[in-house]
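Let's explore a structure together, one question at a time. Take a moment to look around, then follow along.

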2 protein chains.
Amino acid sequence: MVADADVAAVVGDDPPSSRVPLSTAIVVMAAVDHIEERGLPELTMRRLGQVLGVEAMSLYRHVSGREELLDAVVDHIVGEMDDDDDVVTGPTDGWQDFLQRLAHGVRRVALAHPRCFPLIASRPPEAPWLRPPLRCVRWVELFLQGLLADGFSDEAAVEAYRAFTSFLLGHLLLEVAAHGADVGLLDVLEAGSAPEGPDGGGLAGFPAVSRLRHLLTEDHAVAEFEVALETLLDRLAGLRSG
Amino acid sequence: MVADADVAAVVGDDPPSSRVPLSTAIVVMAAVDHIEERGLPELTMRRLGQVLGVEAMSLYRHVSGREELLDAVVDHIVGEMDDDDDVVTGPTDGWQDFLQRLAHGVRRVALAHPRCFPLIASRPPEAPWLRPPLRCVRWVELFLQGLLADGFSDEAAVEAYRAFTSFLLGHLLLEVAAHGADVGLLDVLEAGSAPEGPDGGGLAGFPAVSRLRHLLTEDHAVAEFEVALETLLDRLAGLRSG
DNA sequence: ACCTGAACACCGTTCAAGT
DNA sequence: ACCTGAACACCGTTCAAGT
(Lines give C-alpha, C1' and ligand atoms only; values in the text may rest on other atoms or scores of the structure.)
Protein backbone atom coordinates (compact mmCIF):
# COMPACT_ATOMS: atom_id res chain seq x y z
CA MET A 1 0.00 0.00 0.00
CA VAL A 2 2.83 2.33 0.84
CA ALA A 3 4.75 1.16 -2.20
CA ASP A 4 1.71 1.51 -4.46
CA ALA A 5 1.18 5.04 -3.26
CA ASP A 6 4.81 5.98 -3.83
CA VAL A 7 4.77 4.74 -7.37
CA ALA A 8 1.36 6.16 -8.19
CA ALA A 9 2.39 9.58 -6.96
CA VAL A 10 5.20 9.63 -9.49
CA VAL A 11 3.49 7.96 -12.41
CA GLY A 12 1.27 11.04 -12.72
CA ASP A 13 4.05 13.45 -13.61
CA ASP A 14 6.38 12.44 -16.34
CA PRO A 15 10.00 13.44 -15.67
CA PRO A 16 11.68 10.08 -16.00
CA SER A 17 14.53 10.93 -13.72
CA SER A 18 12.13 11.44 -10.79
CA ARG A 19 10.93 7.83 -11.04
CA VAL A 20 11.26 6.34 -7.58
CA PRO A 21 14.19 3.96 -7.83
CA LEU A 22 13.52 0.38 -6.83
CA SER A 23 15.01 -0.96 -3.66
CA THR A 24 14.80 -4.26 -1.85
CA ALA A 25 12.54 -2.72 0.77
CA ILE A 26 10.12 -1.35 -1.82
CA VAL A 27 9.96 -4.66 -3.66
CA VAL A 28 9.29 -6.58 -0.44
CA MET A 29 6.63 -4.18 0.74
CA ALA A 30 4.92 -4.31 -2.63
CA ALA A 31 4.98 -8.11 -2.39
CA VAL A 32 3.37 -8.02 1.06
CA ASP A 33 0.64 -5.70 -0.19
CA HIS A 34 0.09 -7.80 -3.28
CA ILE A 35 -0.30 -10.99 -1.27
CA GLU A 36 -2.75 -9.33 1.10
CA GLU A 37 -4.81 -7.94 -1.76
CA ARG A 38 -4.74 -10.78 -4.28
CA GLY A 39 -3.49 -13.86 -2.47
CA LEU A 40 -0.24 -15.79 -2.67
CA PRO A 41 -0.83 -17.63 -5.97
CA GLU A 42 -1.35 -14.29 -7.69
CA LEU A 43 2.09 -13.11 -6.64
CA THR A 44 4.15 -13.50 -9.75
CA MET A 45 7.44 -11.88 -10.57
CA ARG A 46 5.93 -10.53 -13.75
CA ARG A 47 2.80 -9.17 -12.09
CA LEU A 48 4.77 -7.66 -9.23
CA GLY A 49 6.98 -5.90 -11.76
CA GLN A 50 3.89 -4.59 -13.48
CA VAL A 51 2.57 -3.18 -10.19
CA LEU A 52 5.88 -1.43 -9.69
CA GLY A 53 5.91 -0.11 -13.26
CA VAL A 54 8.91 -2.16 -14.23
CA GLU A 55 9.73 -5.32 -16.15
CA ALA A 56 9.92 -8.51 -14.09
CA MET A 57 13.60 -8.90 -14.85
CA SER A 58 14.40 -5.68 -13.03
CA LEU A 59 13.30 -7.24 -9.75
CA TYR A 60 16.26 -9.58 -9.87
CA ARG A 61 18.50 -6.60 -9.17
CA HIS A 62 17.00 -6.41 -5.69
CA VAL A 63 15.87 -9.91 -4.77
CA SER A 64 17.60 -13.01 -5.98
CA GLY A 65 14.47 -14.97 -6.85
CA ARG A 66 10.89 -15.70 -5.95
CA GLU A 67 11.71 -18.03 -3.06
CA GLU A 68 14.04 -15.50 -1.53
CA LEU A 69 11.38 -12.84 -1.98
CA LEU A 70 8.95 -14.94 0.05
CA ASP A 71 11.58 -15.37 2.73
CA ALA A 72 12.04 -11.62 2.76
CA VAL A 73 8.28 -11.19 3.13
CA VAL A 74 8.36 -13.38 6.22
CA ASP A 75 11.35 -11.48 7.59
CA HIS A 76 9.58 -8.21 6.98
CA ILE A 77 6.54 -9.32 8.92
CA VAL A 78 8.60 -10.75 11.72
CA GLY A 79 10.49 -7.47 11.70
CA GLU A 80 7.29 -5.58 12.39
CA MET A 81 7.09 -7.31 15.73
CA ASP A 82 10.54 -6.06 16.57
CA ASP A 83 9.25 -2.51 16.20
CA ASP A 84 6.60 -3.30 18.80
CA ASP A 85 7.74 -2.34 22.26
CA ASP A 86 5.22 -4.72 23.78
CA VAL A 87 7.00 -7.57 22.03
CA VAL A 88 10.62 -6.60 22.26
CA THR A 89 10.68 -5.56 25.92
CA GLY A 90 11.76 -8.35 28.24
CA PRO A 91 9.95 -9.25 31.42
CA THR A 92 9.56 -6.22 33.67
CA ASP A 93 6.37 -7.22 35.50
CA GLY A 94 7.02 -10.93 35.61
CA TRP A 95 7.03 -13.63 32.98
CA GLN A 96 3.24 -13.84 32.73
CA ASP A 97 2.98 -10.21 31.72
CA PHE A 98 5.89 -10.77 29.35
CA LEU A 99 4.20 -13.68 27.59
CA GLN A 100 0.89 -11.83 27.49
CA ARG A 101 2.54 -8.96 25.66
CA LEU A 102 4.39 -11.33 23.36
CA ALA A 103 1.26 -13.28 22.47
CA HIS A 104 -0.79 -10.18 21.77
CA GLY A 105 2.00 -8.67 19.72
CA VAL A 106 2.22 -11.74 17.52
CA ARG A 107 -1.55 -11.83 17.19
CA ARG A 108 -1.60 -8.20 16.14
CA VAL A 109 0.75 -8.71 13.22
CA ALA A 110 -0.96 -11.96 12.25
CA LEU A 111 -4.28 -10.15 11.97
CA ALA A 112 -2.61 -7.24 10.18
CA HIS A 113 -1.36 -9.65 7.48
CA PRO A 114 -3.81 -12.54 7.44
CA ARG A 115 -2.76 -13.84 4.03
CA CYS A 116 0.98 -13.51 4.61
CA PHE A 117 0.96 -15.02 8.08
CA PRO A 118 0.63 -18.67 6.99
CA LEU A 119 3.93 -18.22 5.14
CA ILE A 120 5.65 -18.06 8.51
CA ALA A 121 4.61 -21.64 9.13
CA SER A 122 5.24 -22.98 5.65
CA ARG A 123 8.63 -21.51 4.75
CA PRO A 124 11.62 -23.73 5.47
CA PRO A 125 12.88 -22.81 8.92
CA GLU A 126 15.97 -20.77 9.58
CA ALA A 127 17.44 -23.37 11.93
CA PRO A 128 16.23 -26.82 10.87
CA TRP A 129 17.68 -28.54 13.89
CA LEU A 130 15.63 -26.34 16.21
CA ARG A 131 12.39 -27.96 17.29
CA PRO A 132 9.81 -26.73 16.68
CA PRO A 133 11.27 -25.15 13.58
CA LEU A 134 9.85 -21.69 13.84
CA ARG A 135 11.57 -18.88 12.06
CA CYS A 136 13.82 -16.38 13.69
CA VAL A 137 16.22 -17.56 16.33
CA ARG A 138 16.11 -14.07 17.83
CA TRP A 139 12.63 -14.68 19.21
CA VAL A 140 13.59 -17.97 20.67
CA GLU A 141 16.47 -16.25 22.39
CA LEU A 142 14.22 -13.49 23.69
CA PHE A 143 11.69 -16.00 24.93
CA LEU A 144 14.18 -18.23 26.68
CA GLN A 145 16.06 -15.37 28.32
CA GLY A 146 12.81 -13.90 29.56
CA LEU A 147 11.74 -17.09 31.25
CA LEU A 148 15.18 -18.03 32.54
CA ALA A 149 15.47 -14.60 34.11
CA ASP A 150 12.23 -15.16 35.99
CA GLY A 151 12.85 -18.47 37.65
CA PHE A 152 12.31 -21.11 34.96
CA SER A 153 14.73 -23.99 34.80
CA ASP A 154 16.37 -24.82 31.49
CA GLU A 155 14.03 -27.72 30.89
CA ALA A 156 10.92 -25.82 31.91
CA ALA A 157 11.84 -22.86 29.70
CA VAL A 158 12.30 -25.10 26.66
CA GLU A 159 9.06 -26.94 27.29
CA ALA A 160 7.26 -23.64 27.80
CA TYR A 161 8.69 -22.41 24.50
CA ARG A 162 7.23 -25.37 22.69
CA ALA A 163 3.83 -25.14 24.31
CA PHE A 164 3.62 -21.40 23.71
CA THR A 165 4.67 -21.76 20.08
CA SER A 166 2.19 -24.45 19.14
CA PHE A 167 -0.58 -22.59 20.95
CA LEU A 168 0.06 -19.39 19.02
CA LEU A 169 0.47 -21.16 15.70
CA GLY A 170 -2.69 -23.19 15.95
CA HIS A 171 -4.84 -20.41 17.25
CA LEU A 172 -3.64 -17.72 14.87
CA LEU A 173 -3.63 -19.91 11.77
CA LEU A 174 -7.26 -20.74 12.36
CA GLU A 175 -8.07 -17.14 13.10
CA VAL A 176 -6.48 -15.77 9.92
CA ALA A 177 -7.94 -18.64 7.91
CA ALA A 178 -11.37 -17.54 9.06
CA HIS A 179 -10.54 -14.01 7.94
CA GLY A 180 -9.20 -15.25 4.63
CA ALA A 181 -12.33 -17.29 4.06
CA ASP A 182 -14.31 -14.13 4.58
CA VAL A 183 -12.50 -11.98 2.12
CA GLY A 184 -11.25 -14.55 -0.35
CA LEU A 185 -14.22 -16.83 -0.87
CA LEU A 186 -17.14 -14.49 -1.08
CA ASP A 187 -17.50 -15.28 -4.78
CA VAL A 188 -17.74 -18.99 -4.04
CA LEU A 189 -20.74 -18.46 -1.78
CA GLU A 190 -23.57 -18.65 -4.25
CA ALA A 191 -27.05 -18.02 -2.93
CA GLY A 192 -27.95 -21.69 -2.50
CA SER A 193 -25.20 -22.40 0.02
CA ALA A 194 -25.62 -19.30 2.13
CA PRO A 195 -25.66 -20.03 5.86
CA GLU A 196 -29.18 -18.63 6.25
CA GLY A 197 -30.70 -21.01 3.68
CA PRO A 198 -33.24 -23.47 5.07
CA ASP A 199 -30.88 -26.44 4.66
CA GLY A 200 -27.81 -24.45 5.71
CA GLY A 201 -26.05 -25.14 2.46
CA GLY A 202 -26.28 -28.90 2.03
CA LEU A 203 -26.07 -29.87 5.68
CA ALA A 204 -28.80 -32.46 5.31
CA GLY A 205 -26.75 -35.27 6.88
CA PHE A 206 -25.32 -33.18 9.68
CA PRO A 207 -27.98 -32.35 12.25
CA ALA A 208 -25.70 -31.13 15.02
CA VAL A 209 -23.70 -28.82 12.76
CA SER A 210 -26.94 -27.63 11.25
CA ARG A 211 -28.60 -26.93 14.56
CA LEU A 212 -25.55 -25.20 16.07
CA ARG A 213 -24.80 -23.22 12.95
CA HIS A 214 -25.31 -19.89 14.65
CA LEU A 215 -22.83 -20.77 17.39
CA LEU A 216 -20.27 -22.09 14.92
CA THR A 217 -20.50 -18.97 12.78
CA GLU A 218 -20.06 -16.55 15.65
CA ASP A 219 -16.67 -15.00 15.99
CA HIS A 220 -15.49 -15.13 19.57
CA ALA A 221 -11.86 -15.09 18.52
CA VAL A 222 -10.72 -12.41 20.96
CA ALA A 223 -12.41 -13.89 24.01
CA GLU A 224 -11.29 -17.41 23.14
CA PHE A 225 -7.74 -16.25 22.63
CA GLU A 226 -7.74 -14.61 26.03
CA VAL A 227 -9.09 -17.58 27.93
CA ALA A 228 -6.91 -20.10 26.09
CA LEU A 229 -3.86 -17.94 26.72
CA GLU A 230 -4.78 -17.64 30.38
CA THR A 231 -5.11 -21.40 30.64
CA LEU A 232 -1.77 -21.90 28.95
CA LEU A 233 -0.06 -19.50 31.33
CA ASP A 234 -1.51 -21.41 34.27
CA ARG A 235 -0.03 -24.59 32.84
CA LEU A 236 3.34 -22.91 32.38
CA ALA A 237 3.21 -21.72 35.97
CA GLY A 238 3.00 -25.37 36.92
CA LEU A 239 6.04 -26.08 34.80
CA ARG A 240 7.93 -23.30 36.55
CA SER A 241 7.33 -24.36 40.10
CA GLY A 242 7.14 -28.10 39.48
CA MET B 1 4.00 -46.15 -3.53
CA VAL B 2 1.08 -48.45 -4.19
CA ALA B 3 0.38 -46.75 -7.47
CA ASP B 4 4.04 -46.86 -8.47
CA ALA B 5 4.19 -50.57 -7.77
CA ASP B 6 1.06 -51.24 -9.81
CA VAL B 7 2.44 -49.46 -12.81
CA ALA B 8 5.94 -50.86 -12.50
CA ALA B 9 4.62 -54.37 -12.29
CA VAL B 10 3.00 -53.95 -15.67
CA VAL B 11 5.65 -51.90 -17.44
CA GLY B 12 7.88 -55.00 -17.46
CA ASP B 13 5.65 -57.15 -19.68
CA ASP B 14 4.48 -55.56 -22.86
CA PRO B 15 0.89 -56.49 -23.77
CA PRO B 16 -0.58 -53.04 -24.09
CA SER B 17 -4.08 -54.13 -23.23
CA SER B 18 -2.94 -55.19 -19.75
CA ARG B 19 -1.74 -51.68 -18.92
CA VAL B 20 -3.41 -50.75 -15.66
CA PRO B 21 -6.02 -48.21 -16.65
CA LEU B 22 -5.87 -44.89 -14.88
CA SER B 23 -8.54 -44.06 -12.39
CA THR B 24 -9.16 -41.12 -10.13
CA ALA B 25 -8.08 -43.16 -7.12
CA ILE B 26 -4.78 -44.15 -8.74
CA VAL B 27 -4.01 -40.60 -9.78
CA VAL B 28 -4.75 -39.27 -6.29
CA MET B 29 -2.67 -41.94 -4.57
CA ALA B 30 0.22 -41.29 -6.92
CA ALA B 31 -0.06 -37.60 -6.09
CA VAL B 32 0.06 -38.33 -2.35
CA ASP B 33 3.14 -40.49 -2.79
CA HIS B 34 4.80 -37.92 -5.01
CA ILE B 35 4.24 -35.12 -2.50
CA GLU B 36 5.63 -37.25 0.32
CA GLU B 37 8.69 -38.18 -1.67
CA ARG B 38 9.50 -34.97 -3.51
CA GLY B 39 7.53 -32.20 -1.85
CA LEU B 40 4.58 -30.14 -2.97
CA PRO B 41 6.35 -27.80 -5.41
CA GLU B 42 7.62 -30.83 -7.33
CA LEU B 43 4.09 -32.05 -7.92
CA THR B 44 3.43 -31.08 -11.48
CA MET B 45 0.80 -32.43 -13.80
CA ARG B 46 3.50 -33.29 -16.32
CA ARG B 47 5.75 -35.01 -13.80
CA LEU B 48 2.86 -36.90 -12.26
CA GLY B 49 1.88 -38.13 -15.70
CA GLN B 50 5.46 -39.24 -16.24
CA VAL B 51 5.42 -41.23 -13.00
CA LEU B 52 2.23 -42.92 -14.15
CA GLY B 53 3.66 -43.63 -17.60
CA VAL B 54 1.22 -41.34 -19.32
CA GLU B 55 1.12 -37.88 -20.84
CA ALA B 56 0.04 -35.06 -18.54
CA MET B 57 -3.05 -34.43 -20.64
CA SER B 58 -4.41 -37.87 -19.82
CA LEU B 59 -4.74 -36.92 -16.17
CA TYR B 60 -7.49 -34.50 -17.05
CA ARG B 61 -9.72 -37.47 -17.81
CA HIS B 62 -9.72 -38.28 -14.09
CA VAL B 63 -9.18 -35.03 -12.23
CA SER B 64 -10.39 -31.71 -13.48
CA GLY B 65 -7.25 -29.75 -12.70
CA ARG B 66 -4.35 -29.31 -10.36
CA GLU B 67 -6.30 -27.47 -7.69
CA GLU B 68 -8.98 -30.13 -7.65
CA LEU B 69 -6.26 -32.77 -7.44
CA LEU B 70 -4.90 -31.14 -4.30
CA ASP B 71 -8.39 -31.06 -2.84
CA ALA B 72 -8.68 -34.76 -3.63
CA VAL B 73 -5.38 -35.37 -1.87
CA VAL B 74 -6.75 -33.73 1.25
CA ASP B 75 -9.97 -35.72 0.98
CA HIS B 76 -7.98 -38.92 0.58
CA ILE B 77 -5.99 -38.26 3.73
CA VAL B 78 -9.05 -37.24 5.68
CA GLY B 79 -10.66 -40.40 4.37
CA GLU B 80 -7.91 -42.50 5.91
CA MET B 81 -9.10 -41.38 9.31
CA ASP B 82 -12.55 -42.62 8.50
CA ASP B 83 -11.10 -46.08 8.07
CA ASP B 84 -9.70 -45.84 11.59
CA ASP B 85 -12.09 -47.33 14.11
CA ASP B 86 -10.45 -45.33 16.88
CA VAL B 87 -11.47 -42.19 15.08
CA VAL B 88 -14.87 -43.06 13.70
CA THR B 89 -16.35 -44.69 16.80
CA GLY B 90 -18.35 -42.30 18.94
CA PRO B 91 -17.96 -42.02 22.69
CA THR B 92 -18.37 -45.40 24.36
CA ASP B 93 -16.20 -44.85 27.44
CA GLY B 94 -16.98 -41.20 27.93
CA TRP B 95 -16.05 -38.08 26.02
CA GLN B 96 -12.46 -37.98 27.30
CA ASP B 97 -11.69 -41.37 25.86
CA PHE B 98 -13.46 -40.31 22.68
CA LEU B 99 -11.31 -37.21 22.26
CA GLN B 100 -8.16 -39.13 23.15
CA ARG B 101 -8.86 -41.59 20.33
CA LEU B 102 -9.75 -38.80 17.96
CA ALA B 103 -6.59 -36.83 18.72
CA HIS B 104 -4.32 -39.82 18.35
CA GLY B 105 -6.04 -40.87 15.15
CA VAL B 106 -5.48 -37.47 13.60
CA ARG B 107 -1.91 -37.45 14.82
CA ARG B 108 -1.31 -40.85 13.26
CA VAL B 109 -2.35 -39.78 9.78
CA ALA B 110 -0.51 -36.46 10.13
CA LEU B 111 2.72 -38.32 10.87
CA ALA B 112 2.00 -40.82 8.11
CA HIS B 113 1.83 -37.95 5.59
CA PRO B 114 3.99 -35.19 7.00
CA ARG B 115 4.32 -33.30 3.74
CA CYS B 116 0.66 -33.58 2.74
CA PHE B 117 -0.75 -32.68 6.13
CA PRO B 118 -0.14 -28.91 5.89
CA LEU B 119 -2.42 -28.94 2.84
CA ILE B 120 -5.33 -29.60 5.19
CA ALA B 121 -4.74 -26.23 6.77
CA SER B 122 -4.01 -24.30 3.60
CA ARG B 123 -6.72 -25.48 1.20
CA PRO B 124 -9.82 -23.31 1.07
CA PRO B 125 -12.31 -24.74 3.54
CA GLU B 126 -15.34 -26.73 2.57
CA ALA B 127 -17.69 -24.49 4.54
CA PRO B 128 -16.26 -20.99 4.67
CA TRP B 129 -18.85 -19.73 7.12
CA LEU B 130 -17.81 -22.37 9.66
CA ARG B 131 -15.30 -21.10 12.18
CA PRO B 132 -12.68 -22.32 12.43
CA PRO B 133 -12.76 -23.29 8.78
CA LEU B 134 -11.41 -26.79 8.98
CA ARG B 135 -12.19 -29.20 6.21
CA CYS B 136 -14.81 -31.84 6.38
CA VAL B 137 -18.11 -31.04 8.03
CA ARG B 138 -18.47 -34.74 8.86
CA TRP B 139 -15.82 -34.51 11.56
CA VAL B 140 -17.39 -31.47 13.07
CA GLU B 141 -20.65 -33.37 13.19
CA LEU B 142 -18.99 -36.38 14.79
CA PHE B 143 -17.24 -34.22 17.33
CA LEU B 144 -20.29 -32.23 18.32
CA GLN B 145 -22.56 -35.27 18.56
CA GLY B 146 -20.02 -37.04 20.70
CA LEU B 147 -19.80 -34.23 23.19
CA LEU B 148 -23.49 -33.42 23.18
CA ALA B 149 -24.25 -37.06 23.90
CA ASP B 150 -22.03 -36.92 26.97
CA GLY B 151 -23.37 -33.93 28.81
CA PHE B 152 -21.93 -30.89 27.02
CA SER B 153 -24.20 -27.93 26.44
CA ASP B 154 -24.44 -26.51 22.93
CA GLU B 155 -22.17 -23.63 23.81
CA ALA B 156 -19.62 -25.78 25.62
CA ALA B 157 -19.50 -28.28 22.74
CA VAL B 158 -18.80 -25.54 20.21
CA GLU B 159 -16.14 -23.95 22.36
CA ALA B 160 -14.56 -27.34 22.96
CA TYR B 161 -14.54 -27.93 19.21
CA ARG B 162 -12.59 -24.77 18.65
CA ALA B 163 -10.10 -25.39 21.42
CA PHE B 164 -9.53 -28.97 20.30
CA THR B 165 -9.10 -27.97 16.67
CA SER B 166 -6.55 -25.25 17.27
CA PHE B 167 -4.64 -27.48 19.66
CA LEU B 168 -4.37 -30.28 17.11
CA LEU B 169 -3.50 -27.96 14.26
CA GLY B 170 -0.75 -26.12 16.10
CA HIS B 171 0.80 -29.16 17.63
CA LEU B 172 0.72 -31.33 14.54
CA LEU B 173 1.86 -28.65 12.11
CA LEU B 174 4.94 -28.06 14.20
CA GLU B 175 5.52 -31.76 14.58
CA VAL B 176 5.35 -32.51 10.85
CA ALA B 177 7.38 -29.39 10.10
CA ALA B 178 10.12 -30.81 12.31
CA HIS B 179 9.92 -34.05 10.36
CA GLY B 180 9.97 -32.20 7.04
CA ALA B 181 13.00 -30.24 8.14
CA ASP B 182 14.70 -33.52 8.89
CA VAL B 183 14.12 -35.16 5.56
CA GLY B 184 13.86 -32.15 3.30
CA LEU B 185 16.67 -29.88 4.38
CA LEU B 186 19.55 -32.22 4.97
CA ASP B 187 21.30 -30.78 1.93
CA VAL B 188 21.09 -27.27 3.35
CA LEU B 189 22.95 -28.33 6.48
CA GLU B 190 26.50 -27.85 5.35
CA ALA B 191 29.20 -28.86 7.77
CA GLY B 192 29.73 -25.32 9.11
CA SER B 193 26.20 -24.98 10.46
CA ALA B 194 25.85 -28.40 12.00
CA PRO B 195 24.41 -28.32 15.50
CA GLU B 196 27.52 -29.89 16.99
CA GLY B 197 29.83 -27.17 15.64
CA PRO B 198 31.57 -25.07 18.28
CA ASP B 199 29.48 -22.00 17.48
CA GLY B 200 26.29 -23.96 16.92
CA GLY B 201 25.91 -22.70 13.36
CA GLY B 202 26.16 -18.95 13.71
CA LEU B 203 24.53 -18.59 17.10
CA ALA B 204 27.08 -16.08 18.28
CA GLY B 205 24.50 -13.51 19.39
CA PHE B 206 22.15 -16.00 21.00
CA PRO B 207 23.62 -17.35 24.22
CA ALA B 208 20.48 -18.96 25.64
CA VAL B 209 19.62 -20.77 22.41
CA SER B 210 23.22 -21.78 22.08
CA ARG B 211 23.49 -23.11 25.63
CA LEU B 212 20.15 -24.97 25.48
CA ARG B 213 20.75 -26.35 22.00
CA HIS B 214 20.66 -29.93 23.18
CA LEU B 215 17.28 -29.46 24.85
CA LEU B 216 15.84 -27.64 21.85
CA THR B 217 17.01 -30.33 19.46
CA GLU B 218 15.56 -33.20 21.44
CA ASP B 219 12.36 -34.67 20.16
CA HIS B 220 9.87 -35.10 22.96
CA ALA B 221 6.94 -34.84 20.60
CA VAL B 222 5.04 -37.85 21.90
CA ALA B 223 5.33 -36.99 25.57
CA GLU B 224 4.52 -33.34 24.96
CA PHE B 225 1.51 -34.26 22.90
CA GLU B 226 0.20 -36.45 25.70
CA VAL B 227 0.61 -33.90 28.45
CA ALA B 228 -0.75 -31.04 26.37
CA LEU B 229 -3.73 -33.15 25.38
CA GLU B 230 -4.32 -34.12 28.98
CA THR B 231 -4.25 -30.47 30.01
CA LEU B 232 -6.66 -29.57 27.24
CA LEU B 233 -9.08 -32.28 28.32
CA ASP B 234 -8.98 -30.95 31.87
CA ARG B 235 -9.88 -27.54 30.55
CA LEU B 236 -12.73 -28.99 28.51
CA ALA B 237 -13.98 -30.79 31.61
CA GLY B 238 -14.29 -27.38 33.19
CA LEU B 239 -16.28 -26.19 30.21
CA ARG B 240 -18.61 -29.15 30.56
CA SER B 241 -19.47 -28.75 34.22
CA GLY B 242 -19.20 -24.98 34.36
C1' DA C 1 -13.42 -45.28 -24.69
C1' DC C 2 -9.13 -43.77 -23.82
C1' DC C 3 -4.89 -41.48 -24.81
C1' DT C 4 -1.85 -38.16 -27.56
C1' DG C 5 0.29 -34.01 -30.34
C1' DA C 6 0.25 -29.71 -31.04
C1' DA C 7 -0.81 -25.44 -29.44
C1' DC C 8 -1.68 -21.34 -26.20
C1' DA C 9 -0.90 -18.38 -22.47
C1' DC C 10 1.76 -17.96 -18.74
C1' DC C 11 5.61 -18.94 -15.46
C1' DG C 12 10.87 -18.09 -13.33
C1' DT C 13 15.25 -16.96 -14.68
C1' DT C 14 19.55 -15.62 -17.47
C1' DC C 15 22.29 -12.56 -20.00
C1' DA C 16 23.91 -9.74 -23.51
C1' DA C 17 22.59 -5.33 -24.94
C1' DG C 18 20.83 -0.80 -24.35
C1' DT C 19 20.55 4.03 -21.99
C1' DA D 1 24.30 2.13 -12.54
C1' DC D 2 20.08 0.61 -13.72
C1' DC D 3 16.72 -1.33 -16.71
C1' DT D 4 15.15 -4.04 -20.95
C1' DG D 5 14.48 -7.57 -25.02
C1' DA D 6 14.93 -11.70 -26.34
C1' DA D 7 15.40 -16.21 -25.18
C1' DC D 8 15.07 -20.82 -22.61
C1' DA D 9 12.97 -24.32 -20.05
C1' DC D 10 9.06 -25.29 -17.86
C1' DC D 11 4.21 -24.72 -16.28
C1' DG D 12 -1.46 -25.74 -16.62
C1' DT D 13 -4.90 -26.48 -19.78
C1' DT D 14 -7.67 -27.17 -24.21
C1' DC D 15 -9.06 -29.67 -28.11
C1' DA D 16 -9.05 -31.80 -32.41
C1' DA D 17 -7.11 -35.94 -33.90
C1' DG D 18 -5.58 -40.55 -33.45
C1' DT D 19 -6.11 -45.72 -32.04
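Q: Which element gives the most to the lining of the largest cavity?
A: A cavity is a set of points on a 1 Å grid over the protein atoms alone where a 1.4 Å probe fits but cannot get out, and lining residues have an atom within 4 Å of a point. Helices are DSSP runs of H or I with at least four residues, numbered from the N terminus. With eight residues, the top contributor to this lining is α9(B).

Q: What should we know about the model and its numbering before going on?
A: This is a predicted model, in which local features need pLDDT of at least 70 and side-chain atom pairs count only at pLDDT 80 or more, while totals for chains, interfaces and linings use all residues; side-chain values use heavy atoms, leaving out hydrogens and water. Residues are numbered from 1 along each chain as its sequence is written, and chains are lettered from A, with ligands numbered from 1, in the order in which they are written.

Q: How much space lies in the largest cavity?
A: The search of the whole structure finds six cavities of 30 Å³ or more. A volume here is the space filled by probe spheres set on the grid points, which are joined across faces, edges and corners. For the largest cavity, that comes to about 510 Å³.

Q: Which residues are closest to the centre of the largest cavity?
A: The lining of this cavity holds 28 residues. By class, twelve are nonpolar, seven polar and nine charged. Closest to the centre are A:A163, A:S166, B:F167, B:H171 and B:A228.

Q: How far is a phosphate oxygen of DNA strand C from a polar backbone atom of A:R66?
A: A residue is near a strand if one of its heavy atoms lies within 4 Å of it, and A:R66 is among the residues that come nearest to DNA strand C. A polar contact is a pair of N or O atoms within 3.5 Å. For the backbone atom of A:R66, the distance is 2.8 Å.

Q: Why does the length of helix α9 (residues 137-149) of chain A agree with what we expect?
A: The expected span is 1.5 Å times one less than the number of residues. This helix has 13 residues, so it should span 18 Å. The lengths agree because its end C-alpha atoms are apart by 18 Å.

How values were computed
A polar contact is a pair of N or O atoms within 3.5 Å; within protein, one must be able to donate a hydrogen and the other to accept it, and residues adjacent in sequence count only if both atoms are side-chain atoms. Helices (H or I, at least four residues) and strands (E, at least two) are DSSP runs, numbered from the N terminus. On a 1 Å grid over the protein atoms alone, a cavity is a set of points where a 1.4 Å probe fits but cannot get out, and a pocket is an open set with protein on both sides within 12 Å along at least five of seven lines; lining residues have an atom within 4 Å of a point. Ala, Val, Leu, Ile, Met, Phe, Trp, Tyr, Cys and Pro count as nonpolar, Asp, Glu, Lys and Arg as charged, and the others, Gly among them, as polar.
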